[in-house]
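Student: I have a new model open and would like to learn how to read it. Can we go through it feature by feature?
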Amino acid sequence: ALEPEVGFIPYDSQDPHSKRLYKASDYDSFDITPEQIRRSRRGYFANISYLDDKLGELLSVLERTRMADDTIVLFCSDHGDMLGERGLWFKMCFYEGAARVPLMMAGKGIKAGLIETPVSNLDVAPTLCDLAGIDMSGIAPWTDGQSLLPLAGGKERLAPVLMEYAAEGSYAPMVAIREGKYKFVHCELDPPQLFDLDAEPRELDNLAANPTYADLVSAFMEKVRARWNMADFDAAVRESQARRWVVYPALRNGAYYPWEFQPLQKASERYMRNHMNLDNLEESKRYPRGE
């Protein structure tokens, strides 16, 4: 595990997007040694172990406060890390090291087991609403994803997993479709990529140029065109970038104020105040409840 499954791939042999990442990350300025790769991967695995311990502590609190039977736990991540695979680092691509993340859930009525069907973080909100008995039909036309409860209950999932990328190293938006054992990657600037992850999980054999898979590539392209207007996608990204460039110098002037979502907090509700009922406040903070 300390050695990448796919070693360094020379620049000239990389796919177009990986070449862009190579330049964007200024890899030419670094001579990364095998020992540095091992240390980086060891540190990443140590972080996972640390997080696992902290999750165990949270679950222990639920048990000790008798809330475990009335709590749904859902664990996921937003991205992985290439960790030197193919000579790449960070995320910023659709290869499994960056795009594949864990998704686990546990709670009353959820059967234990391993499901290998690809799903998406877009499925988290519909799943939680389903578990909580919240009807999403009113907003369904404007949301993506689907509840994972049918899949957890043994039913088949037919919807593919859709992915988008338009950040560092991209000169135009990239999209991907994961359906069954296949992953299809499209960018208007690049040749398509098609991988059979059952036959070649290391994603070294791009089947898109293989005449045997021409019909499958065409079918995936039809799905891309049906889902995305790539020209509009590109224009929207560039408009967003232009808007942010207008305010970027102001945000960097004086005390730095990051461009991030700042949740509203009511100071009057954070601490004990005269308008609050002390008995109700103390009851809401006491565990187990009702004692």
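Student: What area is buried between domain 1 and domain 3?
Tutor: The size of an interface is often given as the accessible area lost when the parts come together. Buried area is the accessible area (1.4 Å probe) that two parts lose on being put together, summed over both. Between domain 1 and domain 3 the value is about 1500 Å². Carbon and sulfur atoms give 65% of that area.

Student: Which residues of domain 1 lose the most area to domain 3?
Tutor: They are R20, F94 and E96. Together these residues make up 47% of what the domain 1 side buries.

Student: What should I know about the model itself?
Tutor: This is a predicted model, where local features need pLDDT of at least 70 and side-chain atom pairs count only at pLDDT 80 or more, while totals for chains, interfaces and linings use all residues. Residues are numbered from 1 along each chain as its sequence is written, and side-chain values use heavy atoms, with hydrogens and water left out.

Student: Where do the domains of the chain lie?
Tutor: Domain bounds come from an automatic or database domain assignment. Here that assignment gives domain 1 (1-103), domain 2 (119-159) and domain 3 (160-260). The centres of domain 1 and domain 3, taken over C-alpha atoms, are 20 Å apart. Contact means heavy atoms within 4.5 Å. Domain 1 puts 15 residues into the contact, and domain 3 puts in 23 residues.

Student: How many salt bridges cross the interface of domain 1 and domain 3?
Tutor: A salt bridge is a side-chain nitrogen of Lys or Arg within 4 Å of a carboxyl oxygen of Asp or Glu. The rule finds three across this interface. Elsewhere you can look at R20 and D190, whose side chains meet in a salt bridge at 2.7 Å, N to O.

Student: How many residue pairs are in polar contact across that interface?
Tutor: A polar contact is a pair of N or O atoms within 3.5 Å; within protein, one must be able to donate a hydrogen and the other to accept it, and residues adjacent in sequence count only if both atoms are side-chain atoms. The count across the interface of domain 1 and domain 3 is eight residue pairs, both residues at pLDDT 80 or more.

Student: Which helix gives the most to the side of domain 1 that touches domain 3?
Tutor: Helices (H or I, at least four residues) and strands (E, at least two) are DSSP runs, numbered from the N terminus. α1 (16-24) and α3 (96-99) each supply at least two residues of that side. α1 gives the most, with five residues.

Student: What is the N to O distance between K181 and D196?
Tutor: It is 3.5 Å, in a salt bridge of their side chains. The pair links distant parts of the chain, 15 residues apart. K181 sits in the loop between β4 (174-179) and β5 (182-187), and D196 in strand β6 (residues 193-196). K181 is partly exposed, at 32%. D196 is buried, at 8%.

Student: Is S147 buried or exposed?
Tutor: S147 counts as buried because its relative accessibility is 17%. S147 is found in the loop between α4 (124-132) and α5 (149-152). A polar contact of 2.7 Å joins its side chain to that of D130. The S147 side chain also reaches the backbone nitrogen of L149, at 3.2 Å.

Terms used. Buried means under 20% relative accessible area, exposed over 50%, partly exposed in between (1.4 Å probe, protein chains only).
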